[in-house]
Amino acid sequence: MTAVTLNPRSQRKPKGEGHARRAEILAAAERIFVEHGYEGATIRKIADEVGLSSTALYMHFSEKSEILHEICSRAFSALLEANEGVTSRTGDPAARLRQMLEAYVAFGFANPNAYRLAYMTRPIELREGAQSAARELGHELFRSFEQAVEDVEAAGLLRGDARTAAQAFWAGIHGVVSLMITKPYFDWVDRETLVTTLLDGLVAGLLKP
């Protein structure tokens, strides 16, 4: 999933181009939700960002919670697809798990706005139906990750139980992604070095040699 790069403000666009316009709206909404917060973001602000009238934007989305829900759903779906691509490979289950962890981190850094909205949005900011759908996709995503840890456990390579290890791995990689994208002003070491050090530590602590 790659966010569309847009100019801060664009001129009014011609009608049509439905799929492309929808993608523009989602990309603009990501930035506005992050910059202004959910409450501070309005349909008018999002419409202005992509050069539409509010009325025209309502032809694509009925309300801003629907926009937020689609952003979150697309993020979870992209991560789930990446996980499935890794789990379909044969070979060492520990190597597959490491690849899955790396893919998660890479997604977060490549899509910081979508990541923040998917993982750091308060539940109250989603409608009940949207919240349930997002929770279901998030659970499916974590379950695919937990299955990879269970495969490592089945191979006799895991210290402790799979459920605890899966949550520890997730907490670690979420921590580094969320901290680096929300605290860019901190004097971080080289990102790749930090991520590799973190993953090496998690693997050494939770997997048997």
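**Charged pairs and a patch**

I began with Glu 70, which counts as buried because its relative accessibility is 16% (buried means under 20% relative accessible area, exposed over 50%, partly exposed in between, with a 1.4 Å probe and protein chains only). A note on the source: this is a predicted model, where local features need pLDDT of at least 70 and side-chain atom pairs count only at pLDDT 80 or more, while totals for chains, interfaces and linings use all residues. Residues are numbered from 1 along each chain as its sequence is written, and side-chain values use heavy atoms, leaving out hydrogens and water.

Next I looked up the partner of Glu 70: Arg 22 forms a salt bridge with it, the closest N and O atoms being 2.6 Å apart (a salt bridge is a side-chain nitrogen of Lys or Arg within 4 Å of a carboxyl oxygen of Asp or Glu). This pair links distant parts of the chain, with Arg 22 in helix 1 (residues 18–40) and Glu 70 in helix 4, 48 residues apart (helices are DSSP runs of H or I, at least four residues, numbered from the N terminus). Arg 22 is partly exposed at 22% relative accessibility. I also found Arg 22, Glu 70 and Arg 74 linked in a network of salt bridges.

Then I checked Arg 143 and Glu 146, whose side chains meet in a salt bridge (3.0 Å, N to O). They sit three residues apart in helix 7, so about one helical turn separates them. Arg 143 is partly exposed at 32%, whereas Glu 146 is buried at 12%.

My search of the whole structure gave ten salt bridges.

Key. Helices (H or I, at least four residues) and strands (E, at least two) are DSSP runs, numbered from the N terminus.
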